[in-house]
Amino acid sequence: MEAFSSIECFVRSAEVGSFAEAARRLGLTPAAVGKSVAKLETRVGVRLFQRSTRRLTLTEAGRLFLAEVADSLQTIQNAVSTLADAQGRPAGTLKVSMGTVFGGLYIVPMLGAFLRRYPDIHPDWHFDNRQVDLIGQGFDAAIGGGFELPQGVVARRLSPAHRVLVASADYLRGRAPINGPEDLRHCRGILIRSPQTGRIRTWQMTGRGGLMCPLELKASMTMSDSEAACIAAAQGLGLALVSMPFAVNYLRSGALQRVLPDWYVDDGFTSIYYAEHKMLPGKTRAFVDFVIEQFAEQGLAQAFSAL
């Protein structure tokens, strides 16, 4: 078992080029990871890394060894995590990435029911609005939208990713009617800035009849989060283009109302992502199936649709 742990430390260190980062992902100390790799080097009789103060670099022997053991390590880990399936008990640590607000609003409330069904699974959930390296960072699954699909990763759709225009009744009261996209250029806009690039995206709006029109909305302020934009819009500060999952509760409560309800932005789909394996770990399969089941039971795909 110690040899297996040493190999895992080696593989994770090779993936990220750092004992410290590998230790963070494994829940160990950098010293423990470095010591484990050193024991492995002693055991195999060759140096696997060239060490410097900045980065680890694989030696030629290290590259050959990594090519031999990386896939086998994943297969063994999957087999270990699915052993409990024989008795109907998916088990193990479930590492999942999801958007901060989206996860808090819609995925965390599912946690109690999930753990009652699968008590031997231990959630390790990370909340981040950026795409993670699912395989390289050791995640079992991720939930989000607009992600690139790297080789070896599959996605199952959960809901459409639509954006809609919203404003408060106070903001709209006494203003000229907004009957078409051309009327938006005179409105105060609360626009979303990409947290990844820092840019304000250019959006193309779709009408119910299939018409396409660029969104022309003057930015009076920018936010990097749809929930924050909803809060600002609810104060009567302008008109916002926000994702439906964040808008839906404000729309139901009446704090916001849709502007140009026949128009929306189609931003693809919100999906659940996981690594493609012949033998998917039971804990991952259980989580993916459970989330898809809950989206269907709660009608979230319909709620998040702008149509």
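Trainee: Is methionine 244 buried or exposed?

Mentor: This is a predicted model, and in it methionine 244 has a relative accessible area of 5%. Buried means under 20%, so with 5% the residue falls on that side of the cut-off, and methionine 244 is buried.

Trainee: Which residues does methionine 244 touch, leaving out those up to four places away in sequence?

Mentor: Methionine 244 has its place in helix H9, and the residues up to four places away are set aside here. The remaining partners of methionine 244 are His162, Val164, Leu251, Ala303, Phe304, Ser305 and Ala306.

Trainee: Against which elements do the buried residues of H9 pack?

Mentor: Methionine 244 is one of the buried residues of H9, and the list continues with Pro245, Phe246, Ala247, Val248 and Tyr250. Just after H9 comes glycine 254, which takes a positive phi of about 90 degrees. The elements against which the buried residues of H9 pack are H5, S6, helix H8 (226–234), strand S11 (239–243) and helix H11 (300–303).

Trainee: How many Å apart in space are methionine 244 and threonine 202, C-alpha to C-alpha?

Mentor: Along the sequence, methionine 244 and threonine 202 are 42 residues apart. Taken from C-alpha to C-alpha, their separation in space is 18 Å.

Trainee: How much of the protein chain is made up of buried residues?

Mentor: The protein chain holds 11 helices and 13 strands, and its C-alpha trace spans about 80 × 45 × 30 Å along its principal axes. Its accessible surface comes to about 15900 Å², with 52% of that belonging to carbon and sulfur atoms. Of the 307 residues in the protein chain, the buried share is 45%.

Trainee: What distance separates the centres of domain 2 and domain 3?

Mentor: The domain assignment gives domain 1 (1–87), domain 2 (92–159 + 269–304) and domain 3 (160–268). The contact between domain 2 and domain 3 takes 12 residues from domain 2 and 14 residues from domain 3. Taken over C-alpha atoms, the distance between the centres of domain 2 and domain 3 is 27 Å.

Trainee: Which element gives the most to the lining of the second largest pocket?

Mentor: The elements that give two or more residues to this lining include helix H5 (100–107), strand S5 (141–145) and helix H9 (244–253). By class, the lining residues divide into 13 nonpolar, 15 polar and seven charged. With four residues, the element that gives the most to the lining of the second largest pocket is S5.

Trainee: How many residues in the lining of the largest cavity are nonpolar?

Mentor: The count comes to one cavity of 30 Å³ or more, and about 70 Å³ of space lies in the largest cavity. Its lining is formed by Gln131, Val132, Leu134, Ala142, Phe147, Glu148, Pro150, Val153 and Tyr273. In that lining one residue is polar and one is charged, while the number of nonpolar residues is seven.

Methods:
Residues numbered from 1 in each chain as written. Predicted model: local features only at pLDDT ≥ 70, side-chain atom pairs only at ≥ 80, totals over all residues. Heavy atoms only, no water. 1 Å grid on protein atoms, 1.4 Å probe; cavity = no way out; pocket = protein on both sides within 12 Å on 5 of 7 lines; lining within 4 Å. Points joined across faces, edges and corners; volume = space filled by probe spheres on them. Nonpolar A, V, L, I, M, F, W, Y, C, P; charged D, E, K, R; others polar. Buried < 20%, exposed > 50% of the residue type's maximum accessible area, 1.4 Å probe, protein only. Areas by Shrake-Rupley, 256 points an atom, 1.4 Å probe, with all protein chains shown as cover. Domains from an automatic or database assignment. Contact = heavy atoms within 4.5 Å.
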